[in-house]
Amino acid sequence: MKKILFIATIALGMLSCQTPSPSNTEIVSRPVAQLSFGYEAITIQAIDAQTWLLDDGGACTMYLLTGNKRALLIDTGAGDADLMSCVRSLTDLPLTVFCTHGHLDHIGGNYQFDNILLSEIDLPLHEQFYNNPSRRVAWVKDSLISSELLQYAGPKVTAIHTGDVIDLGDRSLTVYALPGHTPGSYMLTDPSHDNLFSGDALNGWLWMQLEESLPLAEMSEHLNAILNTPEVMQLKWMYGGHEHIACHGTVAYAQVIRQHLDEVFAGEAAYTIEEFGGKQIVIYEFDDWRLFAKYDELERYGGHPVVTE
């Protein structure tokens, strides 16, 4: 096992806990095998004494949460690290694994577990990755690791739905849908610790240019529903799928995205045009974030091109 890179940040302080409601959505997950490669690419930051941010080499962010009975892993990263061993270095509690959506940088490590909670709407994305060996090999640059990964099939996936509760004992999380980035993008509220885990549904580089991404107007309507949900908006901290610093963003950022979407719809947003996957996409530029959108969104709403010399 290679040397582990472990970074611990000082916790901001323990937050008060509330007694969660019981849940029947818990799934016990176990490793399929002991992998021969290590997890030195994963850096670990302590958000508090029961919550960790796991940065998968800068490519994506996972989170590990513990209660007094169970642990929860949110997303499994790129898949080229021994994630189970990393988790077990922090807790030996029974483990539930939840994926915020079906993109390969959030489900890549799913093969290390027996069962995954995922929106059934994003199940086709999960199957596209795990049923395509050449895509899995291409995703992992290390050829030795790639050959090892092909020995492991994708796990069983259990559907989870809006309103479901994941019970960790003295800590419970509730599932909320925010379709847009993918049709089945889910978020988790963590009221006892004042956290929202938003996956890629809300972040500073919002990708809406993908084939499976919803039209901006449709995503906007779903965002409106979230903004009118007190159980979400009363939380403080927001943790997305590509964060690198603990306690960096707040839930109020959702309102910022809402305001900038209105600028896009009014044709007032600045933009650039780039190539992505052999197609032109539009990138709307804001001071505090970027929105990547399909080219037909530019045709629909327009905007102000960024002039570069």
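In what order do the six strands of the open sheet with mixed pairing stand? In this predicted model, the order is 8-9-10-11-13-14. The edges are taken by strand 8 (165-167) and strand 14 (249-250). Each of these two has a single partner strand, so one side of each is left without a neighbour in the sheet. Within the sheet, strand 11 and strand 13 (residues 237-240) run parallel and are joined by four bridges. In this pairing, phenylalanine 197 is placed opposite tyrosine 239 of strand 13.

The loop between strand 10 (186-190) and strand 11 (195-199) holds serine 192. With a relative accessibility of 4%, serine 192 counts as buried, since the cut-off for that class is under 20%. A polar contact of 2.9 Å links the side chain of serine 192 to the side chain of histidine 193.

A second open sheet, also of mixed pairing, consists of five strands in the order 12-17-16-15-18. Strand 12 and strand 18 (304-305) stand at its edges. Both have a single partner strand, and therefore one side of each lacks a neighbour in the sheet. Strand 15 (residues 270-276) and strand 18 run parallel, with two bridges between them. Here alanine 270 faces histidine 304, a residue of strand 18.

Aromatic contacts were examined next. A pair of aromatic rings is described by the distance of the centres and the angle of the planes. The search of the whole structure returns 11 aromatic pairs. One of them is formed by tryptophan 207 and phenylalanine 292, with 6.0 Å from centre to centre and 50° between the planes, a tilted arrangement. Tryptophan 207 belongs to strand 12 (residues 205-208) and phenylalanine 292 to strand 17 (residues 290-294), so this pair ties together parts that are 85 residues apart in sequence. The accessibility classes of the two partners are as follows: tryptophan 207 is partly exposed at 32% relative accessibility, whereas phenylalanine 292 is buried at 7%.

Another pair, phenylalanine 286 with tryptophan 289, is stacked, with a centre-to-centre distance of 5.4 Å and 10° between the planes. The angle falls in the stacked class because planes under 30 degrees apart are counted as such. Phenylalanine 286 is buried, with a relative accessibility of 11%, and tryptophan 289 is buried at 3%.

Tryptophan 207 and phenylalanine 292 also belong to one aromatic cluster, together with Trp205 and Phe276. Tryptophan 205 is located in strand 12 and counts as exposed at 51% relative accessibility; the cut-off for this class is over 50%. Trp205, Trp207 and Phe276 make a nonpolar surface patch of about 310 Å².

A further loop position is that of asparagine 132, between helix 3 (123-130) and helix 4 (133-139). Asparagine 132 has a relative accessible area of 29% and is partly exposed. Its C-alpha atom is separated by 9.8 Å from that of leucine 150, which lies 18 residues away along the chain.

Technical notes
Residues are numbered from 1 along each chain as its sequence is written. This is a predicted model: local features need pLDDT of at least 70, side-chain atom pairs count only at pLDDT 80 or more; totals for chains, interfaces and linings use all residues. Side-chain values use heavy atoms; hydrogens and water are left out. Rings of Phe, Tyr and Trp (its six-membered ring) pair if their centres lie within 6.5 Å; planes under 30 degrees apart count as stacked, over 60 as edge-to-face and the rest as tilted. Buried means under 20% relative accessible area, exposed over 50%, partly exposed in between (1.4 Å probe, protein chains only). Two strands pair if DSSP finds at least two bridges between them. A polar contact is a pair of N or O atoms within 3.5 Å; within protein, one must be able to donate a hydrogen and the other to accept it, and residues adjacent in sequence count only if both atoms are side-chain atoms. Patches are made of residues with over 30% relative accessible area and no salt bridge: like charges are joined within 9 Å, nonpolar side chains (Val, Leu, Ile, Met, Phe, Trp, Tyr) within 5 Å. Accessible areas come from the Shrake-Rupley method with a 1.4 Å probe; for residues, only the protein chains shown count as cover. A salt bridge is a side-chain nitrogen of Lys or Arg within 4 Å of a carboxyl oxygen of Asp or Glu.
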